[in-house]
Amino acid sequence: MARIAGRFARVEPRRRVGRLVLGLLSDLPRKNCWTIAEWAGESTPDGMQHLLGRAKWDADQVRDDVRAYVVEHLRDDQAVLVVDETGDVKKGTDTVGVQRQYTGTAGRIENAQVAVYLVCAGRRGHAAVDRELYVPRSWTSDPDRCRAAGLGDTTEFATKPQLAARMVTRFLDAGHRAAWVAGDEVYGGNPTVRAALEERGTGYVLAVACSHEVTTGAGKFRADTLARKVPKRAWQKLSAGSGAKGHRFYDWAVIDLTDPRPGSRQLLIRRNRSTGELAYYRCYSPATAVPLTTLVRVAGSRWRVEEFFQSGKGLTALDEHQVRRYPSWSRWATLAMLAHAFLAVVRANEHDRDPAPDALIPLTCNEIQQLFITLVIRPAFDPVHRLGWSDWRPRHQARSQTSHYRRQATRT
């Protein structure tokens, strides 16, 4: 918390943001301004709501601090930047960025809010270093709606690949280095993203569809057509990294692509050893020759972002915000990223300091959180010293509801 303390000019928000982050790390069954304020012993949720909505501090500056913290502790010479989006199902139409759209969280089209995240994945661990909210055209074409949600009057529509390119550029412009970027078909199929990375000399392994066309020395082909031409001897069994059940072994093949521009371009093909299902990756490296093992390692790193979404939502309430305006969303998301980064860094340090015995798996972020709750949070926030106001909340909501109906009747 000392890293971000200088972003708050007054002592009150500085102290309150510390309590909010501890609340995100706590074992509360539901985490929002109401529950965290009560848990922290505050008499009303007004202070927490003010911190997220109206207090003067820059969430982007805190994001930069989080990025520097993650890079310092988790980045290495083999680190991969992984980009992906996640959706939060929402009700109503007033929450910033909400519309009916596909989200992998629900697996279908739902009324949802979607954000794109950039995760730095190294050998010691992984954590998010940036975030961008996807604002659909239905919002950017309505300046009044954007203004009401805390977005600027000049907010322009940006696709998810454009948001991804923006975050990677911001990472590199800050002076940090990353040799590789990984992502799914949304980003691999976008030529603008690939061109932006190539201009910066950043390698990538980006998934593409089976219908994606590439150029070889024999001409232009669909990816699935080339896969059928790969001889049996070209397939190699390699691990894409460790998963929950051990190493994830697949069969891999690589085909060199032709391009007059400098650098190495290849099509990487993955085959499931059980089902035979194929997946395809468009690859680029400024180096002239890249071993297959390197491409496989980068492709396997893409799953780190899924692990971040799972632990970020399950442990630090990345998706539990109950806010409608953009400033509040960006602040909540940034502080949730900070809380998760703390767990990831402590976990990495513990692995280095005290490796797990052969019979046990290494400590997980879940276990680090439980230890932190037991040793730090509970002694500091003993329930005996809380100012219970659970009875006050329903009375307050009832009064607010009554006032709302009175205003409606007056207008009528």
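Leu371, Leu375 and Val376 form a nonpolar surface patch with about 280 Å² of accessible area together. Patches here are made of residues with over 30% relative accessible area and no salt bridge, with nonpolar side chains (Val, Leu, Ile, Met, Phe, Trp, Tyr) joined within 5 Å and like charges within 9 Å. A salt bridge is a side-chain nitrogen of Lys or Arg within 4 Å of a carboxyl oxygen of Asp or Glu. Areas come from the Shrake-Rupley method with a 1.4 Å probe, and for residues only the protein chains shown count as cover. The model is predicted: local features need pLDDT of at least 70, side-chain atom pairs count only at pLDDT 80 or more, and totals for chains, interfaces and linings use all residues. Residues are numbered from 1 along each chain as its sequence is written, and side-chain values use heavy atoms, without hydrogens and water.

Leu375 lies in helix α14 (residues 365–380). Helices (H or I, at least four residues) and strands (E, at least two) are DSSP runs, numbered from the N terminus. Leu375 counts as exposed because its relative accessibility is 63%; the classes are buried (under 20% relative accessible area), exposed (over 50%) and partly exposed (in between), with a 1.4 Å probe and protein chains only.

Strand β11 (residues 264–271) is mostly covered, with seven of its eight residues buried. This strand pairs on both sides of the comparison made here, with β10 and with β12. Pairing requires that DSSP finds at least two bridges between two strands. Strand β10 (residues 246–256) runs antiparallel to β11 and is joined to it by six bridges. Ile255 has Leu267 of β11 as its bridge partner. Eight bridges join β11 to strand β12 (residues 278–285), again in antiparallel fashion. Here Ile269 is partnered by Tyr280 of β12. Six residues lie between the strands of the β11 and β12 hairpin, where Gly276 takes a positive phi near 80°.

Helix α7 (residues 160–173) has 14 residues. Its first and last C-alpha atoms are 20 Å apart, close to the 20 Å expected at 1.5 Å a residue. The expected span is 1.5 Å times one less than the number of residues. Buried residues of α7 include Leu163, Met167, Val168, Phe171 and Leu172. Just after α7, Gly175 has a positive phi of about 95°.

Helix α12 also has 14 residues, which should span 20 Å at 1.5 Å a residue; its end C-alpha atoms are 19 Å apart, in agreement. Among the buried residues of α12 are Val305, Phe308, Phe309 and Leu315. Ala317 follows α12. Its place is the loop between α12 (303–316) and α13 (326–353). Phi of Ala317 is positive, near 60°, in a residue other than glycine. Most residues other than glycine have a negative phi. Ala317 is buried, with a relative accessible area of 1%.

Ser328 is in helix α13. Ser328 counts as buried, at 10% relative accessibility. Ser328 and Glu42 are 286 residues apart in sequence and 20 Å apart in space, C-alpha to C-alpha.

The structure holds zero disulfides (pairs of cysteine sulfur atoms within 2.5 Å). For Cys120, the nearest cysteine sulfur is that of Cys365, 14 Å away. Cys120 counts as buried, at 1% relative accessibility. For Cys210, the nearest cysteine sulfur is that of Cys283, 17 Å away. Cys210 counts as partly exposed, at 36% relative accessibility.
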